[in-house]
Amino acid sequence: MSLRAAADVEVGELLPESRVSVSRADLVRYAGASGDFNPIHWNERVAREVGLPDVIAHGMFTMAQGARLVADWAGDPAAVVEFGVRFTRPVVVPDDEDGGLIELSGKVTGRDDDGTLKVTVTARSRGQAVLGRAIARVRLA
């Protein structure tokens with residue numbers, strides 16, 4: 001996809017929805033790439049000992065999926081100049097053939113004076129929001 005033109009984007013435009021499957025293997029790969037080997041992300045016993053329902057995805061992994069949604073829509077990851085979230089609930093990743101699922105959607109919710117677009121992202125897993133105040137600032141051509 002090529003970089004979108006800011007003039008072609010209207011406030012209220014919806015981003016294409018995305019569904020991201022998350023497996024335990026994905027979490028192990030992410031741990032290796034990020035250096036975050038906290039056992040709550042790969043060891044069910046430890047996750048349960050600290051009160052979690054099961055192994056959970058890294059918060060930054062979940063956030064990255066939201067950023068990818070916006071970058072893919074924009075046509076260039078460099079167009080995303082800011083992205084901030086609040087982590088509201090974890091993405092639980094069972095050790096089965098399905099793993100976890102993150103459902104993502106987004107909407108253009110504003111345009112700043114400098115032409116930067118505000119995109120609000122919604123991320124859900126198991127029917128509940130897993131990111132709050134997920135807002136990207138996007139600068140298009």
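Visitor: What share of the contacts in the protein chain with a separation of 6 or more comes from residues 24 or more positions apart?

Guide: In this predicted model, residues 24 or more positions apart account for 66% of those contacts. Leu-117 gives you a pair to look at: Val-80 is 37 residues away from Leu-117 in sequence, yet their C-alpha atoms are 9.5 Å apart in space.

Visitor: Why is Leu-117 called buried?

Guide: Buried means under 20% relative accessible area. Leu-117 comes in at 0%, so Leu-117 counts as buried.

Visitor: And which residues does Leu-117 touch, leaving out those up to four places away in sequence?

Guide: Among them are Val-9, Trp-73, Val-108, Ala-136, Val-138 and Leu-140. Arg-111 and Arg-137 touch Leu-117 too. Leu-117 itself sits in strand β4, residues 117–125.

Visitor: What makes up the negative surface patch?

Guide: Glu-97 forms that patch together with Asp-95, Asp-96 and Asp-98. Across the protein chain there are 17 positive and 20 negative side chains, and the centres of the two sets lie 5 Å apart.

Visitor: Why is Trp-42 called partly exposed?

Guide: Buried is under 20% and exposed is over 50%, with partly exposed in between. Trp-42 has a relative accessible area of 44%, so partly exposed is the label for Trp-42. Look for Trp-42 in the loop between α1 (24–34) and α2 (44–49).

Visitor: Which residues make the nonpolar surface patch with Trp-42?

Guide: Val-28 and Phe-37 do, and the patch has an area of about 340 Å². To qualify for a patch, a residue needs over 30% relative accessible area; Trp-42, at 44%, passes that step.

Visitor: How much of the protein chain counts as buried?

Guide: Of the 141 residues, 40% do. The accessible surface of the protein chain comes to about 7,700 Å², and 50% of that belongs to carbon and sulfur atoms.

Visitor: What box do the C-alpha atoms fill?

Guide: Taken along the principal axes, roughly 50 × 25 × 25 Å.

Key
Residues numbered from 1 in each chain as written. Predicted model: local features only at pLDDT ≥ 70, side-chain atom pairs only at ≥ 80, totals over all residues. Heavy atoms only, no water. Buried < 20%, exposed > 50% of the residue type's maximum accessible area, 1.4 Å probe, protein only. Contact = heavy atoms within 4.5 Å. Areas by Shrake-Rupley, 256 points an atom, 1.4 Å probe, with all protein chains shown as cover. Lys, Arg positive; Asp, Glu negative; His and termini not counted. Charge placed at Lys NZ, Arg CZ, Asp CG, Glu CD. Helix = DSSP H or I, 4+ residues; strand = E, 2+ residues; numbered from the N terminus. Patch = residues over 30% accessible without salt bridge, like charges linked within 9 Å, V, L, I, M, F, W, Y side chains within 5 Å. Salt bridge = Lys/Arg side-chain N within 4 Å of Asp/Glu carboxyl O.
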